[in-house]
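Thanks for coming. I have one structure to go through today, and I will keep to what can be read from it. Please have a look at it first.

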Amino acid sequence: MRQRKRFDYLPFRVGGREPQIKRQPFLSDGRVERANRKRITMAYAIFAGIVVIFLGTKFIHRKSNSPTTQEIAAVKVAAATPTPIPTATETNFLRQVTQCFLPISKLYGYDLYISAGFRSFDEQDQLYEQGRSVAGHIVTNAKGGDSIHNFGLAIDLADHRYGIDLDWDKLEKIGTYCGLEHGDRGYTDLPHFQYIGHLSIEDLKAGKAPEPLTLPCPAMSEATPLTMSELNACNAPSFSNSNSSVHIVAPPLNQYYINN
Ligand SMILES: [Zn+2]
């Protein structure tokens with residue numbers, strides 16, 4: 001029973017009911033002792049080897065194939081989070097307007113202001129009803145979600161003095177220089193500038209956003225507009241009648257701009 005006790009501290013049972021190494025008449029006590037120790041050591045070595053192989057396999061499997069638990073959780077969270085609906089004019093787009101478009105226009109004699117920017121889906125729906133179920137002129141053909149304004153990527157401009165009967169060709173050139181797209185669809189959406197890049201309205205609805213714009217002149221700011229010579233150095237468009245008064249397009253009688 002003395003030998004059996006030696007195996008009690010092993011993490012598993014060694015041998016059967018009886019002690020493994022029986023006292024044998026041709027072995028001295030010292031040799032039995034050594035033989036037992038060898039067996040114990042080997043048992044530990046095999047156990048440790050199995051543990052190492054098991055953990056190693058797990059590690060390799062995790063590294064090469066499946067995503068981690070955290071990755072799976074992150075995907076689940078992303079799938080459960082709806083695309084946030086914009087609530088204001090997008091800041092990068094607005095910066096192009098306030099730090100590039102408006103200051104340059106001012107150099108050419110325009111005193112422009114943003115007459116319309118972001119519109120919520122509800123506001124767009126209400127605007128759509130104008131001239132239809134509500135009294136007034138029709139001002140848009142876009143319902144909620146169908147206007148670039150609903151995604152904060154469009155503005156409408158007007159001049160403090162001259163309203164919207166302006167030289168839009170000239171303004172379009174300035175807008176293009178600042179990365180903006182002119183709403184020159186027919187003759188009816190001239191005050192409209194936007195930026196959606198290569199995206200479609202469907203892309204915007206799906207939560208996609210265009211690549212951020214950069215200012216054509218890094219030193220541009222709203223507070224300190226650049227001078228004409230500084231702008232020329234940045235390849236800004238220049239016009240022969242640069243400092244002359246604003247060229248006005250004769251306002252069409254009873255013409256209402258349809259703003260989409
Ligand atoms: Zn517009």
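This is a predicted model: local features need pLDDT of at least 70, side-chain atom pairs count only at pLDDT 80 or more; totals for chains, interfaces and linings use all residues.

The protein chain has 8 helices and 4 strands. Starting at the N terminus, the order of elements is α-α-α-α-β-α-β-α-β-β-α-α. There are 260 residues in the protein chain, and 22% of them count as buried. Taking the contacts with a separation of 6 or more, 67% are between residues 24 or more positions apart.

Now the sheet. The 4 strands form an open sheet in the order β1-β2-β4-β3, and the pairing is antiparallel. The edge strands are β1 and β3, residues 181-182, each of which pairs on one side only.

Going across it, strand β1, residues 112-116, is joined to β2 by 4 bridges. If you want a pair to find on the screen, isoleucine 114 has leucine 157 of β2 as its bridge partner. On we go to the pairing of β2 with β4, residues 192-194, which is antiparallel over 3 bridges. There, alanine 154 is opposite glutamine 194 of β4. Last, β3 and β4 run antiparallel and are joined by 2 bridges. Histidine 182 is the residue opposite phenylalanine 193 in that pairing.

How many of the residues of β2 are buried? The count is 5 of 6, so by the cut-off of 20 or more other C-beta atoms within 10 Å, β2 is mostly covered.

The largest nonpolar core has 30 residues, and Phe101, Ile104 and Leu153 have the most contacts inside it. Two or more residues each come from α4 (91-107), β2 (154-159) and α6 (168-177). Of these, α4 gives the most, with 6 residues. As background, nonpolar side chains in soluble globular proteins tend to be buried together.

Leaving out residues up to four places away in sequence, leucine 153 touches Glu90, Phe93, Ile148, Gln194, Tyr195 and Ile196. Gln194 in that list is the glutamine that stands opposite alanine 154.

Next, the two helices that both give residues to the core, α4 and α6. Their axes come within 9 Å and cross at roughly 145°. The crossing is right-handed. Which residues of α4 and α6 make the contact? On α4 they are Phe101, Ile104 and Ser105, and on α6 they are Leu171, Ile174 and Gly175. Sorted by class, that contact has 4 nonpolar and 2 polar residues, with no charged ones.

Finally, the backbone angle. Asparagine 235 sits in the segment after α8, residues 228-233. Is asparagine 235 buried or exposed? Asparagine 235 counts as exposed, because there are 10 C-beta neighbours inside 10 Å and the cut-off for exposed is 12 or fewer.

Definitions and conventions. Residues are numbered from 1 along each chain as its sequence is written. A nonpolar core is a set of buried Ala, Val, Leu, Ile, Met, Phe, Trp, Tyr and Cys residues joined through C-beta atoms within 7 Å. Two residues are in contact if their C-beta atoms, placed from the backbone, lie within 7 Å. Two strands pair if DSSP finds at least two bridges between them. Axes are lines fitted to C-alpha atoms, for helices over the stretch in contact, and angles run from 0 to 180 degrees between N-to-C directions. A crossing is left-handed if the near helix is turned anticlockwise from the far one by less than a right angle, and right-handed if clockwise. Ala, Val, Leu, Ile, Met, Phe, Trp, Tyr, Cys and Pro count as nonpolar, Asp, Glu, Lys and Arg as charged, and the others, Gly among them, as polar.
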